[in-house]
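Hi,

Here is the structure I said I would pass on to you. Have a look at it, then read my notes below.

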Amino acid sequence: MIKELQPQEQASEATIAALNKALQKIGVKGGGVKSITRGEVWQFQDAIKYLDQCEWHCMSYRSCKYKGLAVIAQVVDGKLQFEYVGCDRFFAMKKLVEWVSKKENKTTYEELKKALGKEPEDFSLNEWKELMGRRFWQIVKGSDE
C-alpha cells in the first residue's frame, strides 16, 4: 500500500502552494517551502494540529487538549523542518497534580481544594504558584518528592 501511495514522490505545486498558505497563516518563520515529498506533507498534516491549535497557555492541567505535546516548525533553505516538543507549562502542572495527589499529601490536597473551591487539576499555573509559594519550584524541580 505504501508503494502505491508513493510517499517519496515530490508533492505537487498546488500542494506546496496550499502548504505555504497554511504556514503563513499560522506564522511559521523562514519563508516558503520550495520542495517537499508527499510523505513529508502527510507527516506534517498530523503535526500541524499541535502547531496551529495549541495555544501554549492552557488554563489548567485538565484543560490541555494535547497533554503536553506541541510542535515547533520553521522553513530553512526552502525545506520545512518541524519537531514535536513537550510543553513545560503542562509538565509543571502535571508534576504538581501528581505531588498533591499522593497519599501523604492528602491534607494539602484538601486545603488547596478548599482554598479555590475546585479540584487541583483545574488550577492554573499562576494559582499553583500563588498557593504553593516557594514549594512550587521545589515540587516542579523534583526536590520535594
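**A salt bridge to start with**

The side chains of E121 and R62 form a salt bridge, at 3.7 Å from N to O (a salt bridge is a side-chain nitrogen of Lys or Arg within 4 Å of a carboxyl oxygen of Asp or Glu). E121 sits in the loop between helix 5 (106-116) and helix 6 (125-132), while R62 is in the loop between helix 3 and strand 1 (69-76), so the pair ties together parts that are 59 residues apart in sequence. Helices (H or I, at least four residues) and strands (E, at least two) are DSSP runs, numbered from the N terminus.

Before you go on: this is a predicted model, where local features need pLDDT of at least 70 and side-chain atom pairs count only at pLDDT 80 or more, while totals for chains, interfaces and linings use all residues. Residues are numbered from 1 along each chain as its sequence is written, and side-chain values use heavy atoms, with hydrogens and water left out.

**More on the salt bridges**

How many salt bridges does the rule give? The count is five. In one of them, R62 meets D122, at 2.8 Å from N to O. D122 is in the loop between helix 5 and helix 6 and R62 in the loop between helix 3 and strand 1, so this pair ties together parts that are 60 residues apart in sequence.

Are these residues buried or exposed? Buried means under 20% relative accessible area, exposed over 50%, and partly exposed in between (1.4 Å probe, protein chains only). E121 is buried because its value is 18%, whereas R62 is partly exposed at 45% and D122 is partly exposed at 28%.

Another salt bridge joins E119 and K113, at 2.9 Å from N to O. E119 is partly exposed at 24%, and K113 is partly exposed at 31%. As for shared partners, they link R62, E121 and D122 into one network of salt bridges.

**The whole chain**

The chain has seven helices and two strands, in the order α-α-α-β-β-α-α-α-α. Its C-alpha atoms fill a box of roughly 60 × 35 × 25 Å along the principal axes. Of the 145 residues, 33% count as buried. For contacts (heavy atoms within 4.5 Å) between residues at least 6 apart in sequence, 54% join residues at least 24 apart.

K49 is partly exposed, at 32% relative accessibility, and its C-alpha atom is 13 Å from that of G68, 19 residues away along the chain.

Cheers
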